[in-house]
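Colleague: I would like to go through this model and ask what the labels on it rest on.
Modeller: Go ahead.

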Amino acid sequence: MLDVDAPGTFDVQRVVRPLAGAAAWCVVAAFVVRFGVGVESLVVAALCVTLAVVSTIDIETRRIPNRIVLPASAVGLLAVALLNPDRLGEAALAAVGAFAVFFIPGLISARWVGMGDAKLALLIGILLGADTLNALFLASLGGGLFAAASVALRGRDALATTFSFGPFLAAGAALALLIGGGTLYS
């Protein structure tokens, strides 16, 4: 992390944390406007807060903590089972599929994909069901644009670096949730 006291630097936390929190609550507000207030809105609020926290941690530490993502996945699965049990199979299939998309390349090389990204994809799959495809597409599009901009700005040096993909997964999930509604709605 950059040293806040050094001249010409800024504290990433002072920028990332408020932006992540604001983005989460904007998504929740948009979800409520689109679908109304209900138990589902509480699940979406919890998901958005989780995505914001995980994104912030990933940017700051380059890690997505199991202690957040795995319990959130269990709670998400329970929420789908209680709120829309006829879509539980869809949620499980989407979760396993999304996990595999990141897990397999991560086995080949940790520089390609982190295992935290695979577990975050699992959570997203549970709550978005078939809309997970949209989330992964949007995340890949955002990550690809970021990588292209990085190469354009830094040249070939950018090719030797990695970046946190969790925030792109979170943004893709939030947008897909607003477009489709996920497994919470039929």
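Colleague: What makes Cys48 count as buried or exposed?
Modeller: This is a predicted model, and the label comes from its atoms. Cys48 has a relative accessible area of 4%. Buried means under 20%, so Cys48 is buried.

Colleague: Why is Cys26 called exposed?
Modeller: The relative accessibility of Cys26 is 53%. The cut-off for exposed is over 50%, therefore Cys26 counts as exposed.

Colleague: What span does helix α4 reach, and what is expected?
Modeller: Helix α4, residues 88-108, has 21 residues and reaches 30 Å from its first C-alpha to its last. At 1.5 Å a residue, 30 Å is expected, and the span is close to that.

Colleague: Where does α4 bend?
Modeller: α4 bends by about 30° at Ala100.

Colleague: Which residues of α4 are buried, and what covers them?
Modeller: They are Ala91, Ala94, Ala95, Ala98, Phe102 and Gly106. The cover includes α3, α5, α6 and α7.

Colleague: Which residues touch the most other members of the largest nonpolar core?
Modeller: Phe102, Leu120, Leu127, Leu128 and Leu169 do, out of 43 residues.

Key:
Residues are numbered from 1 along each chain as its sequence is written. This is a predicted model: local features need pLDDT of at least 70, side-chain atom pairs count only at pLDDT 80 or more; totals for chains, interfaces and linings use all residues. Side-chain values use heavy atoms; hydrogens and water are left out. Helices (H or I, at least four residues) and strands (E, at least two) are DSSP runs, numbered from the N terminus. The expected span of a helix is 1.5 Å times one less than its number of residues. The bend at a residue is the angle between axes fitted to the seven residues ending there and the seven starting there. Buried means under 20% relative accessible area, exposed over 50%, partly exposed in between (1.4 Å probe, protein chains only). Contact means heavy atoms within 4.5 Å. A nonpolar core is a set of buried Ala, Val, Leu, Ile, Met, Phe, Trp, Tyr and Cys residues joined through side-chain atoms within 4.5 Å.
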